[in-house]
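Here are my notes on this one, jotted down as numbered points. Have the structure open while you read.

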Amino acid sequence: MESYGKEYPSCEICSCCGFQFGIDDDKGISHDLWRETWIKKDCSFWYTPDRPIAWDVEKQLKSIGIMYKKKDANKNICPVCKYDGLDEPAYNSLGYGSYDICQGCGFQFGLDDYPDKNKGIQKWRENWIRGGSSWYSTSSIKPNWNPTEQLIHLSKIKK
């Protein structure tokens with residue numbers, strides 16, 4: 001991303017955190033304050049199509065002198081297959097789907113769960129298990145993916 005001056009803001013949006021240069025800072029929001037808020041929200045990648053396959057937020061923040069450790073408690077977990085590597089929470093605080101697609105089972109939050117979220121999740125899970133519980137994403141394969149372990153996690157789900 002190209003730097004800018006006050007006279008010529010670039011209005012570019014950071015793919016990583018979503019900060020819009022020349023807009024957010026004109027509203028009095030500093031990039032440091034934005035980053036701090038983004039870190040509190042557990043650093044989900046803002047524009048998923050630009051996300052590098054092996055993106056490591058801890059390494060990226062360390063490169064600019066910020067120490068960060070992703071907390072296990074804040075992992076974004078798929079409610080269908082229990083994959084714990086979603087880029088952002090499946091649903092926001094109001095219950096709306098993120099439209100993100102789970103790399104583990106292929107479920108798209110906010111689309112495949114319409115009109116009934118619970119029934120949509122249950123039906124997708126049943127079909128995913130019947131189909132062999134295979135890894136969905138062809139561009140990003142989780143190392144050591146084990147469908148049996150995922151099914152063990154799923155067996156702990158209350159129906």
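**Notes on the model**

1. Let's start with Asn-76, which counts as buried because its relative accessibility is 10%, and buried means under 20%. Keep in mind that this is a predicted model. You'll find Asn-76 in the loop between H2 and H3. Leaving aside neighbours within four places in sequence, Asn-76 touches Tyr-83, Asp-84, Gly-85, Leu-86, Asp-87, Glu-88 and Pro-89.

2. Asp-100 is another one to click on in the loop between H2 and H3. With 9% relative accessibility, Asp-100 counts as buried too. What is Asp-100 in contact with, leaving aside its neighbours within four places in sequence? The contacts are Thr-48, Leu-86, Asp-87, Glu-88, Phe-107, Gln-108 and Phe-109. Leu-86, Asp-87 and Glu-88 are on the contact list of Asp-100 and also on that of Asn-76.

3. On to the aromatics. A pair of rings is described by how far apart the centres are and by the angle of the planes. The structure has four aromatic pairs. One of them is Tyr-83 with Trp-135: the ring centres are 5.1 Å apart and the planes sit at 85°, so this pair is edge-to-face. Tyr-83 belongs to the loop between H2 and H3 and Trp-135 to the loop between H3 and H4, so the pair ties together parts 52 residues apart in sequence. Both Tyr-83 and Trp-135 are buried.

4. Tyr-91 and Phe-109 also pair edge-to-face, at 5.7 Å centre to centre with 75° between the planes. Tyr-91 and Phe-109 are each in the loop between H2 and H3, 18 residues apart, and the pair links distant parts of the chain. Are these two residues buried or exposed? Tyr-91 is buried at a relative accessible area of 17%, and Phe-109 is buried at 0%.

5. Together with Phe-107, Phe-109 and Trp-124, Tyr-91 forms one aromatic cluster. Phe-107 and Phe-109 also turn up among the contacts of Asp-100. The ring of Tyr-91 has a charge over it as well: the charged end of Lys-117 sits there, 4.2 Å from the ring centre.

6. Now for the backbone. Most residues other than glycine have a negative phi, and most peptide bonds are trans. Lys-82 has a positive phi, near 70°, and is not a glycine. Lys-82 is in the loop between H2 and H3 and is partly exposed, with a relative accessible area of 30%. Ser-133 also has a positive phi without being a glycine, at about 55°. Ser-133 is in the loop between H3 and helix H4 (147-155) and counts as buried, at 2% relative accessibility.

7. Which peptide bond is cis? The bond from Tyr-114 to Pro-115 is, with omega near 5°. Pro-115 lies in the loop between H2 and helix H3 (117-130).

8. Last stop is the surface. Ile-13, Trp-46 and Tyr-47 make a nonpolar patch of about 300 Å². Trp-46 is in the loop between helix H1 (31-40) and helix H2 (57-62). Trp-46 is partly exposed, with a relative accessible area of 45%, whereas the Trp-135 of point 3 is buried.

Terms used. Residues numbered from 1 in each chain as written. Predicted model: local features only at pLDDT ≥ 70, side-chain atom pairs only at ≥ 80, totals over all residues. Heavy atoms only, no water. Patch = residues over 30% accessible without salt bridge, like charges linked within 9 Å, V, L, I, M, F, W, Y side chains within 5 Å. Areas by Shrake-Rupley, 256 points an atom, 1.4 Å probe, with all protein chains shown as cover. Salt bridge = Lys/Arg side-chain N within 4 Å of Asp/Glu carboxyl O. Helix = DSSP H or I, 4+ residues; strand = E, 2+ residues; numbered from the N terminus. Buried < 20%, exposed > 50% of the residue type's maximum accessible area, 1.4 Å probe, protein only. Contact = heavy atoms within 4.5 Å. Phe/Tyr/Trp six-rings, centres within 6.5 Å; stacked < 30°, edge-to-face > 60°. Lys NZ or Arg CZ within 6 Å of the ring centre and 35° of its normal.
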